[in-house]
Amino acid sequence: MPGMNSICKALCHEPGVESKFNVGIGKFEWLDHKNLWSVMSLDGQHLGHFKAVVASDKNIASPRFTAVTAQLPPLDLSLAPELAKLQNIPVHPCFALMLVFNDSLSSVPAKELSFTNYKYAKDVIAQSGLVKPSKETLSKVGNEMLQEFLGIGLSIQQPFFMKAHRWGSAFPAASIAEVEKCLWNEKKKLAICGDFCVSPNVEGAILSGLAPASKLKRLVSSL
């Protein structure tokens, strides 16, 4: 079944693409004398030298990365003046709930499910902190969200499986590069893209991702 990572999965099979899984990036270091990027994993493993870096995580140079991982952000703000815009991007957290039913639901009006749970999520985070929620917390959240779902008045069966997921910074509350579509440093071939650059939706993320692709393609074609 297609999911949010379908495009990434397809790109993994493109010729010349080398994919690495279960690897967290710990540090990007700019090697000025080589005009290359050196990339290290969270556990200190050297992942290689690269001519360009494209990142889509708004926390890559943010203090929030330290709050969650207790480690310094992978990208130093001093490496490029454009990175200053990544500091403290306001975000709206939310919870998502997956429900699995034995039979298909014949009618679920989408507008009834499009409710905002920013305040609810913020209240939960205020109590449990930014650390990964415990199973007990997620179970409690799941049950409360299920009751809200059942409260819309539909006559439906009980789900046989449910799982709650917290997105601590799901929706950016500001756009930091509406015109440029991404943060770009041409000298170091560094691009930061994502919905937080354009608009907090799938279209914004796509438009932002196309921007560095276009810039890098232009650079390669001019060589």
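Author: Two strands pair if DSSP finds at least two bridges between them. Helices (H or I, at least four residues) and strands (E, at least two) are DSSP runs, numbered from the N terminus. This is a predicted model: local features need pLDDT of at least 70, side-chain atom pairs count only at pLDDT 80 or more, and totals for chains, interfaces and linings use all residues. Residues are numbered from 1 along each chain as its sequence is written, and side-chain values use heavy atoms, with hydrogens and water left out.

Reader: Which residue of β8 is the bridge partner of Trp184?

Author: β7 pairs with β8 (residues 190-192) in the antiparallel sense, over 3 bridges. In β8, the partner of Trp184 is Ala191.

Reader: How many disulfides are there?

Author: A disulfide is a pair of cysteine sulfur atoms within 2.5 Å. The sulfur of Cys197 lies 6.6 Å from the closest cysteine sulfur, in Cys182, which is too far for a bond. The count by this rule is 0.

Reader: Is Cys197 buried or exposed?

Author: Buried means under 20% relative accessible area, exposed over 50%, and partly exposed in between (1.4 Å probe, protein chains only). Cys182, at 3% relative accessibility, counts as buried. Cys197 has 0% relative accessibility, so Cys197 counts as buried.
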